[in-house]
Amino acid sequence: LTLLSQQFSQTESWFHRSAGLQSGSAPHSQLFPPAEGVMLPPESFKNRVVFITGGGTGLGRAMATVLSQLGAQCVIASRKLDVLQQTAEDICSRTGNKVHALQCDVRDPQAVSHCVDQMTSLTGLPDVIINNAAGNFICPSERLSPNAWKSITDIVLNGTAFVTLELGKRLIQDQRGASFLAITTIYAESGSGFVAPSASAKAGVEALYKSLAAEWGRYGHRFNIIQPGPIKTKGAFSRLDPTGKFEKGMIDRIPTGRLGTPAELANLAAYLSSDYASWISGAVMRFDGGEYVSMAGEFNDLRRVTPDQWKMMEAMIRSTKGS
Ligand SMILES: CCCCC/C=C\C=C\C(=O)SCCNC(=O)CCNC(=O)[C@H](O)C(C)(C)COP(=O)(O)OP(=O)(O)OC[C@H]1O[C@@H](n2cnc3c(N)ncnc32)[C@H](O)[C@@H]1OP(=O)(O)O
Ligand SMILES: NC(=O)C1=CN([C@@H]2O[C@H](COP(=O)(O)OP(=O)(O)OC[C@H]3O[C@@H](n4cnc5c(N)ncnc54)[C@H](OP(=O)(O)O)[C@@H]3O)[C@@H](O)[C@H]2O)C=CC1
């Protein structure tokens, strides 16, 4: 027991360090401190197999870490086997639970099928599937080549569809239930300039998951979506804020005054994938510190108006009485 609790506290402190990316936050963000510990009871995922695409880096790695801490046997899959193997070793050495690394380019349906064959021999079919792999970069749409469009939409929309259909069909065949989770983004709903392929593909993923939530409930399958706002990972920020100049603007428009953390996202993903959420299906969970509504409201920029300016404007408005 002592060994186990030592292992857990080591894992926690390692995990906290990897999530400590909060420089530049607004002072009021102290009122919204991220709780970084693991939220669910220990062993919530004991005897469960979790499959995570893009699990070697960033948010995928954070989700694999939390789920492994909660007792899951994780299978992480993406293109770079060396990165996956390093992550698998790191997590396993800290949690004591097996993490398997499988090479898989989700754009290739045959590679996906082969990956699922390998997983089936290693662990059996998964109980939890997290479609997290993605590609993205900022680019004016008039500069996009057909192949640039295809490179993003193939990873995000086709990749998610190939993984979901391959696993879904096999689970249905074996009469096994499962929880499917897709990581999209807040602009899947609104669209966004300069990331049109990503916005289009993420919107497609949301349509797919809502459709299957309706269609495959009868097979014991749940489908949910998390739409994160900005969370500092190397993969995202190196392609979406290459100069580092946009981060302040993001923080300014987030009402909670800070970026999200990988650990917060991982706890939400674990909850939605757990038995505690067995009545949640077809849900779209926005996870963005309030950024989406803050960008959407016509008058939200009035946060900048000072009390003196308000006094003046109130007087002006009141003076219109009877006019
Ligand atoms: C700051 C955060 C704010 C909030 C964030 C919100 C949402 C975030 C969503 C995310 O998805 S973040 C995750 C980002 N992570 C990744 O993108 C990781 C994986 N990415 C990659 O591997 C690559 O970046 C890429 C390009 C997606 C795929 O790699 P690969 O298959 O090797 O493609 P190529 O290098 O061969 O390129 C294909 C095609 O695309 C053109 N291209 C590549 N980069 C650019 C660019 N910066 N601008 C314009 N075009 C680009 C490239 O030239 C190729 O087209 P051709 O016509 O020349 O063949
Ligand atoms: N960080 C953020 O602010 C936000 C992130 N998101 C979403 O969160 C998820 C994780 O992003 P994040 O962790 O930030 O970024 P990362 O770049 O770290 O993660 C993307 C992962 O996708 C994998 N991947 C890319 N292409 C393929 C492919 N063809 N086949 C298999 N795997 C692939 C990459 O691994 P490899 O290179 O080895 O293939 C990588 O591990 C994505 O879905 C992203 O859209 C959404 C909103 C905000």
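Are Tyr 209 and Phe 223 buried or exposed? Select the two and take a look: Tyr 209 is buried, and Phe 223 is buried too. Keep in mind during the tour that this is a predicted model.

**Stop 1: the aromatic rings**

Colour by secondary structure and you'll see that the pair links distant parts of the chain: Phe 180 sits in strand β5 and Phe 223 in strand β6, 43 residues apart. Phe 180 has a relative accessibility of 0%, so it counts as buried. For Phe 223 the relative accessible area is 1%, under the 20% cut-off, and therefore this residue is buried as well.

Now bring Tyr 209 back. With Phe 223 it forms an edge-to-face pair, at 5.1 Å centre to centre and 90° between the planes. This one also joins distant parts of the chain, Tyr 209 being in helix α7 and Phe 223 in strand β6, 14 residues apart. In total, the structure has three aromatic pairs.

**Stop 2: the largest nonpolar core**

Which residues touch the most other members of the largest nonpolar core? Pick Phe 51, Ile 129 and Leu 167, out of 32 residues in that core. To show the elements around them, select β1 (49-53), β2 (73-78), α4 (109-122), α5 (146-173), β5 (178-183), α7 (196-215) and β6 (221-228), which each give two or more residues to the core. Helix α5 supplies the largest share, seven residues.

Zoom in on Phe 51. Beyond its neighbours within four places in sequence, its contacts include Val 75, Ala 77, Met 119, Pro 126, Val 163 and Leu 167. Ile 129 is on the contact list of Phe 51 too, along with Val 128, Ile 130 and Cys 115.

Then switch to another core, which lies apart from the largest one and has 31 residues. Ala 72, Leu 84, Ala 88 and Ile 183 are among them.

**Stop 3: the cysteines**

How many disulfides does a search of the whole structure find? The count is zero. Select Cys 115 and Cys 104 to check one case: the sulfur of Cys 104 is the nearest cysteine sulfur to that of Cys 115, and it is 4.1 Å away. Cys 115 counts as buried, at 1% relative accessibility. Finish on Cys 139, which is also buried, with a relative accessible area of 14%.

Technical notes: Residues numbered from 1 in each chain as written. Chains lettered and ligands numbered in written order. Predicted model: local features only at pLDDT ≥ 70, side-chain atom pairs only at ≥ 80, totals over all residues. Heavy atoms only, no water. Core = buried A, V, L, I, M, F, W, Y, C linked by side-chain atoms within 4.5 Å. Buried < 20%, exposed > 50% of the residue type's maximum accessible area, 1.4 Å probe, protein only. Helix = DSSP H or I, 4+ residues; strand = E, 2+ residues; numbered from the N terminus. Contact = heavy atoms within 4.5 Å. Disulfide = S-S within 2.5 Å. Phe/Tyr/Trp six-rings, centres within 6.5 Å; stacked < 30°, edge-to-face > 60°.
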